[in-house]
Amino acid sequence: MVNSNKKRSVGQKQSMAGWAFLTPAVLLIGVMSFLPMIQALFLSFQTGIGNKMKWTGVTNYIRMFKDPVFMQALKNNFIYLVIQVPIMLILALILASLLNHKDLRFKGLFRTAIFLPCATSLVSYAVIFRSLFAVDGLVNNILIKLGFLNTGYNFLGHPDSARIVIILALIWRWTGYNMVFYLSGLQNIEYSVYEAAKIDGASPIQSFFRITVPLLRPTILLTAIMSTNGTLQLFDESVNLTNGGPANATITMSHYIYNVSFKYVPNFGYAASMSYLILFLVAFLAFVQLKVGDKRD
Amino acid sequence: MKKKIASLLLAGAMVVSLTACGTGGSGSTAQTGDKKGDGGAKATNELTVWCWDPAFNLYAMKEAEKVYQKDHPDFKLNVVETPWKDIQTKLTTAATSGNLESLPDIMLLQDNAFQKNVISYPDAFQDITGSGVDFSKFAKAKTAYSVVEGKNYGVPFDNGSVVGCYRTDILKEAGYTVDDFKDITWSQYQEMGEKILAKTGKPLLSCQAGESDLIMMMLQSAGGSLFDKDGKPDMVGNATLKKVMETYASLVKSGVLIEVNDWDQYVGTLTNSTVGGTINGCWIMASIQTAEDQSGNWAITNMPKLEGVEGATNYSNNGGSSWAVTSASKNPELAYDFLSKTFAGSTELYETILPKSGAMATYLPVAESKVYGEPQKFFGDKPVYSMITDFASKVPSNNTGVYYYEARDAVATAITKVVAGSDIDAEIKNAEDTVNFAMGK
């Protein structure tokens, strides 16, 4: 051993040590994460009830495009994506640049307060939103007291309002999370840049669009990809807040996959193929965003 | 200083989120269940059981342990509280991964999910046909839920006979008594409901939107099913189903039936006096009795029946469960003996659990028991349990089919759209298409 070690150069030794440190993590990720992913890929080409599976080729992938419930779920996911993600990211950006202001007092307090929702459990916040928007819930009581409504409006009983409630809940839960990324990105922008802009007569709005946004581009890209990913995999809100209702108007793809695997007669092959569609969509959208958002030459 | 405030707040947030996890309850109990459930029972005189309701089936299991311990003093039962959804998820995971050892010796299964699970995972369950359990002592319609291809896989437990529960004090305000609601039809129900709504401002009935419990109860009360005898969907052209949907939509439109969004709100409408009554499986009486201030103001009778439908009755069923022995059990003989001497052989057990939990048995010999005939103070001093036993004997049987949950959800979607104004026939057609699609694997 000693001899063989001596024969190696310093660089080789260092890279050996590097691999030695990496191996446990690589093995764990391989066994716990990549192996199941490959198994799921095989599973997605099989069909059958429970564990009596047989090969069927790509029928599962064709089947999902004929499945009205899955198509509805896909549509719902994209509604959330298109409406919620931009609102949330813009809001997070505005909040971050407000809270980054040098002269603002109690910065820490505000930052923490806005980040707090993100520390609540997904299930409990969904349940709380459900009771807030119940027919006799807080929101309805306030609207009745203020004279906007005569009787309670069933927010979760109508397709559009139920979706709006889910979007509101998502914004409440995740804006602070994204804001923290922007705040950390803003720390890398020298204050002198803003000062110089100020001396040159730039308004705060101008310096926001001309300095903050361009310099934060990598962070914005990161949050956009993460939010897209998260929205396409949305599960807890659909299950706990609306239970997919009314009439599947708010059901998400993940929720339907869960139903197919655990609530209905289990069809894991079909469920796995739907999961792979989500993977494909996430990868595709991330690719597009990278192409559009990354302006490095 | 600012940093200190921030870190304090963060610490506070963590504490809040931790307690939030803690009060989640079901999650944490399920985890401990995992540990205990590992490897089934290790000792030869110990059995592990999964069931979900502390006030009901879990309590019954613990009483059964006491009964069995009289003859077998060193017997030990390890009852793990596991919510139904978790049981289903764990069973699916264990069976598909081939890791059956993680299952308990005995688990409680919803009757509606029994066939689906036995057919999907035949290896996970013990055929208990010749295990010494006397199945002839149970109502036949009830045992049928746990029979697959002529073999018994479950010991029947509770009964879900439908009761119409009414608040006598609210009825009185509108000049009615509970007897006015006995043996009526749905249109009479709606008519009286409208008068009560006008007089007291209270709807007569509430139910959970997006769930089809009430629909299924109405359907079964006329012997109707969503599947035919061969297990094929039977919705288009099913006159009973159409009548049920019309009745439901009409009740919602009149305001007599209000839809709420979740189970807690539903129970809330009962205990907060938002509604004048409810119609559900008799197990709902346990929830009603949590409103102690309403003691004596509740009464029960049978449910309304459909009009113009052949075979319509005032009786139906909603829910119910059966005990299954898993193939993971290291000591199946003990499990068989335990079940046949308690849930399938001890009137004493049923007499103990009834008054406290309202667990209506399907064990026939117990129906003549004195305990069942005792008047219940909460329900206006009426012998409600013997009334329910009587209802139970008149319930028409139905076909659940393997694809029961798919059909239920499809019908729930249809009724939501019908209430919102869609055409009934078109929505029934959609529902049948959805189920056919799910079955065409």
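Two strands pair if DSSP finds at least two bridges between them. Keep that rule at hand for the first exercise. The model used here is predicted.

**Exercise 1. The sheet in chain B**

Task: Work out in which order the five strands of the open sheet in chain B lie, and which strands form its edges.

Solution. 
Step 1. Recall how strands join. Strands of a sheet pair through backbone hydrogen bonds, either parallel or antiparallel.
Step 2. Read the order across the sheet. In chain B it is E2-E1-E3-E12-E6, with mixed pairing.
Step 3. Look at the two ends of that order. Strand E2 (76-81) and strand E6 (154-156) of chain B are the edge strands, as each pairs on one side only.
Step 4. Check the turn between neighbours. On average, neighbouring strands of this sheet are turned by 25° against each other, direction ignored.
Step 5. Take one pair in detail. Strand E1 (residues 46-51) of chain B and E2(B) run parallel, joined by six bridges. Within this pair, Cys51(B) stands opposite Glu81(B) of E2(B).
Step 6. Helix H4 (residues 84-97) of chain B lies across E1 and E3 of chain B, and runs at about 110° to E3(B).

**Exercise 2. Thr301 of chain B**

Task: Decide whether Thr301(B) is buried or exposed, and list what it touches.

Solution. 
Step 1. Locate the residue. Thr301(B) sits in strand E11 (residues 298-301) of chain B.
Step 2. Apply the cut-off. Buried means under 20% relative accessible area. Thr301(B) has 5%, so it counts as buried.
Step 3. List the contacts, leaving out residues up to four places away in sequence. Thr301(B) touches Val163(B), Gly164(B), Tyr166(B), Val178(B), Phe181(B), Lys182(B) and Phe391(B).

**Exercise 3. Salt bridges**

Task: Describe the salt bridges of Asp160(A), Asp169(B) and Asp425(B).

Solution. 
Step 1. Side chains of opposite charge can pair when their charged atoms come close. Over all chains, the structure holds 14 salt bridges.
Step 2. Take chain A. Asp160(A) pairs with Arg163(A), and their closest N and O atoms are 3.8 Å apart. Both lie in helix H8 (residues 159-186) of chain A, three residues apart, so about one helical turn separates them. Asp160(A) is exposed at 54% relative accessible area, whereas Arg163(A) is buried at 12%.
Step 3. Move to chain B. Asp169(B) forms a salt bridge with Arg167(B), with 2.8 Å between the closest N and O atoms. Asp169(B) is partly exposed at 25%, while Arg167(B) is buried at 5%.
Step 4. Asp425(B) and Lys242(B) meet in a salt bridge of 3.3 Å, N to O. Asp425(B) belongs to helix H18 (residues 424-439) of chain B and Lys242(B) to helix H10 (residues 239-254) of chain B, so the pair ties together parts that are 183 residues apart in sequence. Asp425(B) is partly exposed at 43%. Lys242(B) is partly exposed at 29%.
Step 5. Look for shared partners. Glu211(B), Asp213(B) and Arg408(B) are joined into one network by such salt bridges.

**Exercise 4. The nonpolar patch**

Task: Which residues make the nonpolar surface patch of about 740 Å², and which helix gives the largest share?

Solution. 
Step 1. Name the members. They are Ile29(A), Phe34(A), Met37(A), Ile38(A), Phe42(A), Trp55(A) and Leu279(A).
Step 2. Find the main source. Helix H2 (residues 10-43) of chain A gives the largest share, five residues.
Step 3. Ile29(A) is found in helix H2 of chain A. Patch residues need over 30% relative accessible area. Ile29(A) has 46% and is partly exposed.

**Exercise 5. Positive phi**

Task: Where do Phe106(A) and Asp183(B) lie?

Solution. 
Step 1. Most residues other than glycine have a negative phi.
Step 2. Take Phe106(A). Its phi is positive, near 55°. Phe106(A) lies in the loop between helix H4 (68-99) and helix H5 (107-115) of chain A. Phe106(A) is partly exposed at 46%.
Step 3. Take Asp183(B). Its phi is positive too, about 55°. Asp183(B) lies in the loop between helix H7 (168-173) and helix H8 (186-200) of chain B. Asp183(B) is partly exposed at 45%.

Notes:
Residues numbered from 1 in each chain as written. Chains lettered and ligands numbered in written order. Predicted model: local features only at pLDDT ≥ 70, side-chain atom pairs only at ≥ 80, totals over all residues. Heavy atoms only, no water. Patch = residues over 30% accessible without salt bridge, like charges linked within 9 Å, V, L, I, M, F, W, Y side chains within 5 Å. Areas by Shrake-Rupley, 256 points an atom, 1.4 Å probe, with all protein chains shown as cover. Salt bridge = Lys/Arg side-chain N within 4 Å of Asp/Glu carboxyl O. Helix = DSSP H or I, 4+ residues; strand = E, 2+ residues; numbered from the N terminus. Buried < 20%, exposed > 50% of the residue type's maximum accessible area, 1.4 Å probe, protein only. Axes fitted to C-alpha atoms, helices over the stretch in contact; angles between N-to-C directions. Contact = heavy atoms within 4.5 Å.
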